[in-house]
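Here is a short report to read alongside the model. Please keep the structure open as you go.

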Amino acid sequence: MAAHPVVEWTSEASWNMVEDKFSPYAKETLAKLIKFLEDEVFPARALIHAQVPDDPVQRWKTVIPVVEELKVKAKKQGLWNLFLSKEHYPEFGVPLTNLEYAVMAEILGRGGHFAPQAVNCSAPDTGNMEVLARYGNAEQQKKWLIPLLNGEIRSAFAMTEKHVASSDATNIRTSLVQEGNEIVINGHKWWISGAGDPRCKLHLVMGKSDPNNKSAYNQQSVVIVPADTPGIKIVRPMKVFGYDDAPEGHCEIIYDNVRVPVGNLVLGWGRGFEIIQGRLGPGRIHHCMRSIGAAQNALDTMLRRVTDPKKKTFGKYLHEHGTVIADIARSRAEIESARLLVLSAALQIDKYKAKGALKEIGIAKFVVPSMALQVVDRAIQSFGAEGVCQDQELASTWAGLRTLRIADGPDAVHIQQVGQRELKRAPALVRKEAERLRKEKALLEKAGIKTHL
């Protein structure tokens, strides 16, 4: 029996570990996805970037033609909305588990920013679709979710604010006030991904609706704001180490007396934290999945470089220098370790949903991006000056990965949460050790051996 084509793109050992958890449909879809990426998406990367104008105005008005063509091809092949598991979203999902999608997302991560978009699996739309599928009412789903699922529109999620420490979401100040049959929104947000895209038709805005509530976690709500609503002012696109990520971008936005119908409230007043936790869990792991692929792609790029006979130094191939081969080994080991973390987190989500996998998601969230950054940095070093310029994608890959140590919660928050979870185990460990010592003492006394315990 021929090996599955995925073994050429990921670790054969990790595939052997999860293969029996893949349905026939998932195996077939994975094979189709790999062929689609090899034949259509990976060869189009240069063309995609060439079709984004350099003009500072036009680049924000552009719908990239080849990406739209890829979307049509992907949809015809059934390679569409792969992130949305039917088990969790029976009405809208596809018959794939999070574990099955994890392997697919790793391969997608090799294709940069646009490969996930070609199969309608790119942020922030993925998280927004999950919010609307899980928490939206029938009218909201018809108006906003269905066009998103069809890839006809795009969206933004507006939470982070300029003037407060948004890593603690209780700090947000944007106000949501009901006046009659309308909700009035006032606030100043930034780093709102996707808001620059001409296809962006809605913002999911998180704000404070009940600032005097005794519970700091019941003060917030989420509301759907059509992108063309009067009072929305896009101040500027923010740049990530000089990259503006047009045409989607990450925008600074002012909401100035923006009015929407009360019917645009998602789930109910004071349910904002519940919504964002449901949204961020799977989203965080999706980022980690793609980061594994980005790291693997960087290592592959490094291997081609260090075996290039045109790039010898001091009469030797680069790989013949001890530090280079050590870097290759470290990168291989770190990718393998991180992949196991991600796969175990995906499996936990399948078994217990995101709430039951918080520890695994948290560990993956602070381990994987840092690992990928190290792998990319080693690849950059093997290229010398070429590694940091526009002729290679390593620099833009590094910039994108660096944001993941901040996005969806900074490393420090996840580290603190994981540490606190570990500390909760201490009382049981103390009791267990006391019981062991009691038994040990009894055995010693029975044997007539004096003990000072």
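Val177 has Val184, in β3, as its bridge partner. These residues belong to a predicted model, in which local features need pLDDT of at least 70, side-chain atom pairs count only at pLDDT 80 or more, and totals for chains, interfaces and linings use all residues. Residues are numbered from 1 along each chain as its sequence is written, and side-chain values use heavy atoms, with hydrogens and water left out.

Strand β2 (residues 175-179) runs antiparallel to strand β3 (residues 182-193), with five bridges between them. Pairing here requires at least two DSSP bridges between two strands; helices (H or I, at least four residues) and strands (E, at least two) are DSSP runs, numbered from the N terminus. Two residues separate the strands of this hairpin, and Gly180 takes a positive phi near 65°.

## Domains

The domain assignment, which is automatic or from a database, gives domain 1 (6-149), domain 2 (154-266), domain 3 (274-411) and domain 4 (412-453).

## Where domain 3 meets domain 4

The C-alpha centres of domain 3 and domain 4 are 37 Å apart. Their contact (heavy atoms within 4.5 Å) takes 11 residues from domain 3 and seven residues from domain 4.

Between them, domain 3 and domain 4 bury about 740 Å², 71% of it on carbon and sulfur atoms. Buried area is the accessible area (1.4 Å probe) that two parts lose on being put together, summed over both. On the domain 3 side that touches domain 4, helix α11 (residues 358-383) gives the most, with six residues.
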